[in-house]
Amino acid sequence: MLTRAVIDRAVGAALEEDAPWGDLTSEALIPENAVARADLVARERGVFSGGEVFEAAFRLTDPRIGVELVVEDGEWFELGAVLAVVTGPARGVLTAERIGLNFVQRMSGIATLTGAYVAEVAHTGARIADTRKTTPGLRAFERKAVRDGGGRNHRHSLSDAVMAKDNHLAVLAQKGVSPTDALLAAKDFLPHTTHIEVEVDRLDQIEPVLAAGIGTIMLDNFSLDDLRTGVAQVAGRATVEASGGVSLETVRAIAETGVDVISVGALTHSARALDVGLDVRIDAA
């Protein structure tokens with residue numbers, strides 16, 4: 001999903017937003033022939049994500065700027081580590097700095113938070129997945145960051161899979177249509193390759209959904225006891241996903257109920273930017 005074309009389009013738009021008529025400060029203060037060498041430095045521990053995006057900010061500003069990535073996406077790093085080295089015309093380096101940092105801080109923050117969730121469930125068979133609760137226009141970037149942190153991606157968009165949620169079921173109930181009948185009709189309508197998932201919020205909804213032979217059932221906002229009961233009731237007839245009320249404090253216990261997937265909106269909607277900075281080297285005379 002995160003192709004070079006997608007990267008260049010988003011980064012180009014960000015650069016245009018940040019310097020629509022140029023970088024007034026750099027053009028006024030920095031000699032045109034000045035060259036800068038700067039280190040991307042970690043100011044806390046984390047997981048790196050967004051190296052290609054960081055590089056694009058400088059390449060699109062001035063193709064003469066070189067970026068050497070010292071660590072790879074998905075790699076853990078420690079406080080003080082040099083993550084990348086940027087070298088080239090100083091005006092361009094200073095112009096691109098903020099946009100490059102914005103992307104890599106955001107993506108590395110998501111990757112680091114995801115890595116923490118993944119570590120909490122590593123002793124179980126549960127997979128950590130993201131949701132569609134992403135920043136509009138930046139989904140491909142944020143989902144790449146989730147993968148870099150060791151997580152999995154849910155459906156990318158509404159076009160990728162069928163996911164019947166509570167509001168869909170409410171509309172069906174209002175029309176007097178049973179979930180089983182509606183899902184069987186949907187299977188007749190859809191290509192055989194289309195995956196179907198259904199969200200339920202009560203144990204008594206599980207059997208009518210399973211009767212349609214769906215692939216994944218989401219147990220939404222279930223208690224731990226009900227999750228265990230639901231896993232036993234499904235008994236391998238579908239993939240079981242848990243969602244709702246998931247935090248770093250609760251994810252381990254949720255995973256230990258035996259669910260297959262835990263979807264966590266917080267991976268993208270609540271991750272904070274990781275603290276990394278670009279420090280220009282000053283060579284002693």
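**Exercise 1. How much area do domain 1 and domain 2 bury between them, and what percentage of it is on carbon and sulfur atoms?**

*Solution.* The model is predicted: local features need pLDDT of at least 70 and side-chain atom pairs count only at pLDDT 80 or more, while totals for chains, interfaces and linings use all residues. Residues are numbered from 1 along each chain as its sequence is written, and side-chain values use heavy atoms, with hydrogens and water left out.

Step 1. Identify the parts. The domain assignment gives domain 1 (4–117 + 272–280) and domain 2 (123–270); such bounds come from an automatic or database assignment.

Step 2. State the area. Buried area is the accessible area (1.4 Å probe) that two parts lose on being put together, summed over both. For domain 1 and domain 2 this is about 1600 Å², with 70% of it on carbon and sulfur atoms.

Step 3. Find the main contributors. Ile110, Thr114 and Tyr117 supply 42% of the area that domain 1 buries against domain 2, more than any other three residues.

**Exercise 2. Determine how many salt bridges are counted between domain 1 and domain 2, and which elements of domain 1 touch domain 2.**

*Solution.* Step 1. Apply the rule: a salt bridge is a side-chain nitrogen of Lys or Arg within 4 Å of a carboxyl oxygen of Asp or Glu. The count between the two domains is 2.

Step 1. Name the elements, where helices (H or I, at least four residues) and strands (E, at least two) are DSSP runs numbered from the N terminus. Two or more residues on the side of domain 1 that touches domain 2 come from each of α1 (4–18) and α4. The largest share, 10 residues, belongs to α4.

**Exercise 3. Is Thr216 buried or exposed?**

*Solution.* Step 1. Thr216 is placed in strand β9 (residues 216–220).

Step 1. Its relative accessible area is 7%, so Thr216 is buried.

Technical notes:
Buried < 20%, exposed > 50% of the residue type's maximum accessible area, 1.4 Å probe, protein only.
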